[in-house]
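Hi,

Here is the model I promised to pass on.

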There are 2 protein chains.
Amino acid sequence: MRLRLDLGYDGSDFHGWAKQPELRTVHGVLDEALAVALRLPEPPGLTVAGRTDAGVHARGQVVHSDVPQTAWVENGERLLYRLTGLLPLDVRVRQVEPAPAGFDARFSATSRRYVYRLCDDPVGVDPIRRSDVVWSRRQLDVDAMNDAAAALLGEHDFASFCRWREGASTVRTLRAFGWQRTNEGTIEATVVADAFCHNMVRSIVGACVAVGESRRPPAWVGDVLREVERSSAVLVMPPHGLTLEEVTYPPDDELAERAQAARRFRG
Amino acid sequence: MRLRLDLGYDGSDFHGWAKQPELRTVHGVLDEALAVALRLPEPPGLTVAGRTDAGVHARGQVVHSDVPQTAWVENGERLLYRLTGLLPLDVRVRQVEPAPAGFDARFSATSRRYVYRLCDDPVGVDPIRRSDVVWSRRQLDVDAMNDAAAALLGEHDFASFCRWREGASTVRTLRAFGWQRTNEGTIEATVVADAFCHNMVRSIVGACVAVGESRRPPAWVGDVLREVERSSAVLVMPPHGLTLEEVTYPPDDELAERAQAARRFRG
């Protein structure tokens, strides 16, 4: 049977999501904890909504795991409580429940929302926030960054901003991309799309930062998009400013259909 | 001549404020950086508004330092820029300026504002906030905590909540002490007083938490206060939930008078 887990993590001390031998990854730590909590001989395996790179954080990550029905029946109610005790404090599972029919954490998702956090104070980032806010030593022009971001909205081939992968489409629909100064002294980009290619959020943020620092005019970002080819002029921003905040899913009766369509489309 | 420095730090990797041989302290790190930035043969020495314990953070800490006039004249304009480069990212000096006549970072201050942050979610603290938010495994009754806190407002002898020190008064004026749930899922206490004795904030917070967990009735906190003697029933809360947010000073023409009065009173 399939379980849905909702979780958050501080990416600082992880080598990203994906399991790697000998390295501490969120997948590895969570999969092991799940095996212990469910008394399974082997980690059950996990499928994640947003595979995050080393150093990237999450608040609203979603995962599914297929486990023996008996393990759930025998341990279900205690599972969340046990994971709370077993997991290190830099990963927290917030909810565990049987997934509805047709649910796939990755392919059923209709959107992912990321936030990228910067601070352009010349004396640096509030020390308590330095693990999830990136310091920009130059002043940023947020209006210009919003002008630049607007050119990327909608359905486009984002190949200019992605690491190329054989047989995978780089067409995505960017639903929201906007910058604002917060009253905490940070500058935040909110980025929402159906899905993202590898490096895409950190690349489109980097392109806007080049505009915000006046190294490029706002129209340049749209020009890069239209080249439809990975651009070496675009800086990939550091991972620790990025947090996966939310993943959304359609109503239960559309989960299977959505998963099928996304699998077909993204290859 | 006297300089005023405004700074913040993440207390996690410091053994508190006060200089100690062989240990990394905020005083030690800042004093060394100031010597390098001002080309002084020795660290100039620092006086701090709120001496924080190991693990306690600060956003609005204030310090003064007496330095040779020539050092300021020769380096003044570049001082903040140099400190920004010299200091590690867990300490940030936000401003440096010549202090007005009569200014004493410690004794001229009219109030200190601290915030203590808790989270009573049964699954734990948002991993990204775990260095400045303390996890309470029990649900907290914020209304009861506010009832308890109200009994401490005003001028009292806070000996029940302080570590005793020969010849020092434990009379303080608590101007504000209130609890609230934030929309970030934390519970915050804001505490303002003219000054605090050692351990006082973490002790009065601990007393309220005992009430919030229903281990004590709200009236108990007032009872402890009236005992005027260090109580072993009061739990001193962990340091990492505590942040010094702000120190306030009177108008420039009252600085010297205020310093004299506070020095006389607090001994």
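Starting with where the chains meet: in this predicted model, 21 residues of chain B are in contact with 21 residues of chain A. On the chain B side, the elements that supply two or more residues are strand E1 (2–9), strand E3 (57–66), helix H2 and strand E4 (91–98). E4(B) gives the most, with 4 residues. If you sort the side of chain B that touches chain A by class, you get 8 nonpolar, 5 polar and 8 charged residues.

How are the two copies related? Chain B can be laid on chain A by a turn of 180 degrees with a shift of 0.0 Å along the axis, and the RMSD is 0.0 Å. So what we have is the relation of a two-fold axis. The interface fits in with that: 100% of the interface residues of chain B are also interface residues in chain A, so the copies meet through the same surface. In case you want to find the rotation axis on screen, go to Arg129(B), which comes closest to it among the residues of chain B, with its C-alpha at 4.3 Å.

H2(B), one of the elements on the side that touches chain A, also has a partner within its own chain. Helix H1 (residues 26–37) of chain B packs on helix H2 (residues 69–86) of chain B at an angle of about 135 degrees, and the two axes are 9 Å apart. Roughly antiparallel would need an angle over 145 degrees, so H1(B) and H2(B) count as oblique to each other. Their crossing is right-handed. From H1(B), the contact uses Ala33(B), Val36(B) and Ala37(B), while H2(B) brings Asn75(B), Leu79(B), Arg82(B), Leu83(B) and Leu86(B). By class that comes to 6 nonpolar residues, 1 polar and 1 charged.

Last, the domains. For chain A, the domain assignment gives domain 1 (2–98) and domain 2 (111–250). Their C-alpha centres lie 28 Å apart. The contact of these domains in chain A takes 16 residues from domain 1 and 11 residues from domain 2. What is the make-up of the domain 1 side, by class? In chain A, the side of domain 1 that touches domain 2 has 5 nonpolar, 8 polar and 3 charged residues.

That's what I have for now.

Cheers

Note on methods: Residues numbered from 1 in each chain as written. Chains lettered and ligands numbered in written order. Predicted model: local features only at pLDDT ≥ 70, side-chain atom pairs only at ≥ 80, totals over all residues. Axes fitted to C-alpha atoms, helices over the stretch in contact; angles between N-to-C directions. Parallel < 35°, antiparallel > 145°, perpendicular 65-115°, else oblique. Left-handed = near helix turned anticlockwise from the far one by under 90°. Contact = placed C-beta atoms within 7 Å. Nonpolar A, V, L, I, M, F, W, Y, C, P; charged D, E, K, R; others polar. Least-squares fit on C-alpha atoms with pLDDT ≥ 70 in both. Domains from an automatic or database assignment.
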